[in-house]
Every structure is written in C-alpha cells, then in structure tokens.
Amino acid sequence: MAVPLRLEVAAAGAVARLSRLVGAGGGTTVPGKLLSVLDPGAVDRLAARLPAGTATISATNGKTTTSAMAAEILRPRYRLAHNRSGANLMSGVASTLLSAGGAQLGLLEVDEGALPEVMRRVRPRAVCLGNLFRDQLDRYGELELVAERWRAAVDALPEETTVAVNADDPLVGSFAAQIRFGLDDPSVARPALQHAADSKYCLVCGAPLEYAAAYVGHLGDYRCPNGHMERGRLDVAARAIELHGLERVAFDLHLPGDVRRVEIALPGLYNVYNAVGAAALAHALGATADEIADGLGRFRAAFGRFERIAVGDKTLLLLLVKNPAGANEAIRTLVDGGPPTLAVVALNDAIADGRDVSWIWDVDFEPLLGGLDRLVAGGDRAAELALRFKYGGFDTDAIEVEPSLERALDRGLALTPSGGELVVLPTYTAMLGLQRIAAARGLTRPYWKRAA
Amino acid sequence: MNIRVGHLYPDYLNIYADRGNIAVLARRAAWRGHELDVTEIEIGDAVEPGAHDLYYLGGGQDREQLLVSHDLAAKAEQLKEAHAGGAAFLAVCGGYQLLGRGYRGHHGDDMPGVGLLPLETVAGDRRLIGNVLIETEVGPVAGFENHAGRTLLDPAAEPLGRVVSGFGNDGQSGYEGCRLGRAVGTYLHGPLLPRNPRLADWILAQALAHRTGGEPPELAPLDDELEAEAQAVSSGRARGR
C-alpha cells in the first residue's frame, strides 16, 4: 500500500530541515533519497502535478550551465522547479519535485546515467540532449553504452515530447529529434580534431568522419566519406560568433523564423553550445525569440563554472574541470584571455570525480604550462597531477605538491600579487571543498542559500 | 641512440590515456640521452620486423577495438617475427587482449587476436573496475583496471605479477598480466608507467637491447620522488578498496 503523497512530502521536508540543521550539507538530496525508499513511484506523481509539465536536460559537459540558462529564459514565463544546485540523480530530482510547491514547470538537469529512468518516470514535455564525451569510464562505462541507453530512452518517449539534440555530436545528433541545434561558423573552428576527440568514426561503416569544422572535442560539422551520416540541418544555430577573451561571447542566434544578436557574460565556445541548447529547449517550451535573447543576456555563471570570488584585494577564478573535453575548453579559454603565470590545479578521485584519474593525461595542459612560472598541485591525487605536469615538460622545481585543498589555496593566494587574480582548476569534489572553505571564511554564500 | 617505437592504432586505441605511457618513455629515454622515435602504425600500414625496438598497443572502447582487430590479426606473422627477433612489446587493456589468441563472446562475436601471448580472453558478465596493486619482478606496480574480459593464461604462461589487491586477469586466479620474453601485457592503466617508473625503465632497457643487439643496459637512476609518492597513494587506494 502506498503512503499518501501528502504525508511523504511532509516527512521528506522534515528530513531536509534536519539535514541542514546537522550541517550535513544543503539537504538537497536527503529527502529525495528518503522518498525513493518510501515509494519510488512517487516521482511519477510529483512530476504529473506540474501544470506545464517537465523539461529534462542532459549532457556530459554543460548540463548545469545549460539548465541555468534555460531557467533564466523561462523564469518570466513559468514558476520553476529547478535543481539548480546540480543534484541531478534520481534522488535530487525527487527532492526538487518535492519542494516545488506552486511551481508550474519542472526544469531538470539530469545525470547521463540517470536520464533513462528519470525520463521514464517524469515523461518530459521537452528534452535537451547536449553532448557525450568520455567521462568517468569507471562509473558510466563506455561512451557508446551510454549513447545506446539514451537512444532507447528517446525512442520510448511519448509522441508529444519535443526532443532537441546537439546535431554537432555524431552520436547525439543521430537520435530522432524535432529540433537540431549547433554551431555554424567555420571561422572559430579548430584546425584539427583534438587528441581527446571521441566519436570520430561513422556509426554505420566505421570510416573516420570528415570535419568541415571541428568546434569542441568531436562536436562540429562532420560527414561520413561514404555518405552514411552527416551533421545535416540546424534548426537553432549560432552564427557570426565573436569570442572576447575571458569576459564574454556574442553571436547571431538563429531560431526558426527569427534571428537575434546575443551576448552572454561567459567565455568560450562551449558556452555558445550551452546557449544554443538552452535556446532550443526554451523555444520548444514556447519562449519567444526576445525572451530567449533577453534571458541569455541576463545570465550569469552557474555554480563553480567560471565563478569569481573576491578574497580581500585579490580574486579567485574557479573553473571546474572534470574530463578531457571540458578541461581542454577551460584551458583554451584561459589561454585565449591572456595566459596566467600561476595556477592551482586540484585533483580528487572521489566517486563524483571518477576514481580513475587517467583522464588527466588526455587533457591538453601544455598550452597552459607554456605561460606558467609556478603551479600548485592540490587535492587527494596531487602527486599524480604533478607527474602529469612533469612529463608534460614542466620544471619540477616550479611545481608545489599540496594535497590539502586549504593549504593549496592559501599557497596560491600567497603567490598572487595584490590586485591579482588566482586561477584555480578543481575537479568536482575539489570545487565543492573549495566552496566550503570560501564559505567558512565568509567569502561566498553556500549554494543552498543563494537567491534564485 | 634513437629508440624506434611502433605505436599501433593510436587513433583507435587511446581510451585510458595511453599517450601518458608514451610521454613517460620519451622523457625517461631523453633524460638518459636517448631519443624516442615514435611511428604511428594505422590500419593498412605494414609492420616490418626489425624496424622497431618497441611496439605499443593501448586500450580502446569495444567498438574501436573491434574496428582494428581484423587488421591487427592480419599483421600477426610480422609481429610474432618481430618478437622472436627481440623487439619489446607493451600492451595495455584492449591491446593486451588482442595480443592473445582472441576474445570470445565479445558482444556475441569472436574477435581475432595476434596469438603472440599464450592466453585468451572470454567475455564476463560484470566489468571488473577499481584500483589494483600487483607485485612483479621489478617490484610493486599500481594502477586502475576496467575490463569486461576475463583473460585466461595457458598453464605454462608467466604472469606479469601476483595480485595484491584488485581483480587482475580474471578476478579469480590471483594473477595479473602476462610476460613472454620482452613482451608485457597488462590490464593496468592509470596510465601504467608514470607511477611505475621501474617498469618503464625495464621496458626501455628491453627496447635498447633490441636496438643494440646486446644485453638490456643498466639505466642511470633518476629522481623518482614524485613517482614514488604517486605510487604510494595509488597503492593505498588499492589496499583500501
């Protein structure tokens, strides 16, 4: 016999308050975990309560930023239930829906592995699928396995669901979708596919794909030389892209029947991908071209993604790195904005980071190393990171190994001149650790207290 | 002296940071005054026995591994001849499986192998994933494993090492990897060589022996303090699993 939904909601809410009281963190997934145990089917019913339905967003890289951009666009139109703190497993989704009293639309960032079950339960009205890169192979398994699970989940969606896919990703772009989004400006393309490029073979014949333009990792304008597949049409596209260092990007956003010049206060081509993904999803949910352009224009960085924190007269610049494709973009953007002479890189190997740290060897750190005078390697696997730099040709005398995040941060700050900016590249749990340190010092508010 | 490396299918077999292994060999050779001269051997390229002192095969995703397996099997005779002539081999994960006789039941198909190492691989139900520590002739070797295949050594085959903590070849035998003369195959990535410098130097010495036609040389010691620290952390992860 199922417990009435009303009682479950009350019980789970009490747990969230307790979780915060005991300082166990944001209390963002504890009530959802409780609910999942009490009644796994409750998520289906919680989602069904939302009058405007639910939208789900997933990708290896950029799902948190894409969701936050979509939220900024959609907020004037809908009251949202949005898991903005990045709690994106089934438990986080359940918690978000639980605390969504009065919300009209569910806007859910979903972990790649959890996506099939979440979609089966919430029966989304619109779906945005961004990209698949190699990431945490110990947890997710191989890329193609994730892609096949996604494909089956997309095929099982109700007919009325609108699916938006990144057409520039050969795997994701091969799914059946009503909206195909991507980049269309060869002037900002890479000269060649990066080392970490993953999906670079035809899904039918295995021949290497030919790229008219490669933008980020294996994302680009591709075609099979034997004619089996190609990037094809774009319904939502960014053209005439301008990259302005570490500060912003601007581009023409082409929507079906409309074009708007958009400027966002985030750097890098990968954020152009996030923006067109958010635009495609918002379009599917009924947002107008003006709402989309205005929302993207208002947008500010999501939690820990290119976040600046003031520390006295110095600044911390936090850039999350979690897999080769994402780290390469962060590094390229940094170097384009004027290469730093000092950096703290922090590598943890908790489950959320991936226990297998081999991915750091697939990151192209070398463009960053060229400009550095000193490097602080931090986190639980600091020594491994130091080896990456040593064998990348960096002078070991200029590397400081400091596994303690707090000491690594303080060492970096001590080396930063007055008025200067310290670049910190942490993996996911190292970023959470740094945020906690910053919060404890009163430098930033904890994420669950921030205004929406 | 230049050490000639034939890197097989770097575009396909590179999933677990195999280029880290190549970087370690290149630097450690350079610090001893040798140059690592790496040639990429792709699908359709010929293998010329005697032309390379070391062959390297990395790991690939299932699809990539299958894409190269038939081409590699077609190179089997040349690779075996190179091995008989004293060339060294290092094969990791998928490359290790392919140096054996083959992989049975790989997604329902059988994948051919080179037949250089005395072993074969069969598909298992569950992937064997985690930090792993083994004890070898050159001391402890620490890494990470992530494989669905169970690799079964022939009765007379020599493993690379004994599993201290982790799964190893099949999760049961207590053995990890395989060694045949100057050829080494292993499931350990992470990548393998940065935190295991003694194994890296052993391989370099084998390659140099082929280059000179003499005995494996004694390589000048290097400052491996960072390497030792990384190995200690990695070993601790394996022991604590």
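Which residue forms a salt bridge with Arg134(A)? The partner is Asp362(A), and the closest N and O atoms of the two are 3.0 Å apart. A salt bridge here is a side-chain nitrogen of Lys or Arg within 4 Å of a carboxyl oxygen of Asp or Glu.

## About the model

This is a predicted model, in which local features need pLDDT of at least 70 and side-chain atom pairs count only at pLDDT 80 or more, while totals for chains, interfaces and linings use all residues. Residues are numbered from 1 along each chain as its sequence is written, chains are lettered from A and ligands numbered from 1 in the order in which they are written, and side-chain values use heavy atoms, with hydrogens and water left out.

## Two domains in chain A

Chain A splits into domain 1 (40–180 + 252–298) and domain 2 (307–449). These bounds come from an automatic or database domain assignment. Taken over C-alpha atoms, the centres of the two domains lie 28 Å apart. Domain 1 of chain A puts 15 residues into the contact, and domain 2 of chain A puts in 17 residues. Contact means heavy atoms within 4.5 Å.

The size of an interface is often given as the accessible area lost when the parts come together. Buried area is that loss for two parts, found with a 1.4 Å probe and summed over both. Between domain 1 and domain 2 of chain A it is about 1200 Å², and carbon and sulfur atoms give 47% of it. On the domain 1 side, Arg134(A), Asp138(A) and Tyr270(A) lose the most area, together 38% of what that side buries.

The count between these domains is 1 salt bridge. There are also 3 residue pairs in polar contact, both residues at pLDDT 80 or more. A polar contact is a pair of N or O atoms within 3.5 Å; within protein, one must be able to donate a hydrogen and the other to accept it, and residues adjacent in sequence count only if both atoms are side-chain atoms. Helix H7 (137–140) and helix H9 (269–284) of chain A each supply at least two residues of the domain 1 side. Helices (H or I, at least four residues) and strands (E, at least two) are DSSP runs, numbered from the N terminus.

## Where chain A meets chain B

The contact between the chains takes 36 residues from chain A and 38 residues from chain B. About 3300 Å² is buried between them, with carbon and sulfur atoms giving 51%. Glu142(A), Tyr201(A) and Tyr391(A) supply 23% of the area that chain A buries against chain B, more than any other three residues.

The chains share 5 salt bridges. Glu384(A) forms a salt bridge with Arg195(B), with the closest N and O atoms 3.2 Å apart. The count of residue pairs in polar contact is 20. H7, helix H8 (143–155) and helix H13 (382–391) of chain A each give two or more residues to the side that touches chain B. H13(A) gives the largest share, 7 residues.

## Strands in chain B

Strand S5 (residues 102–106) and strand S6 (residues 109–112) of chain B pair in the antiparallel sense over 3 bridges. Strands count as paired if DSSP finds at least two bridges between them. Tyr103(B) has Met111(B) in S6(B) as its bridge partner. S5(B) and S6(B) form a hairpin with 2 residues between them. In the turn, His107(B) has a positive phi of about 55 degrees.

S5(B) also pairs with strand S7 (residues 119–136) of chain B, in the parallel sense over 2 bridges. Here Arg104(B) stands opposite Val122(B) in S7(B).
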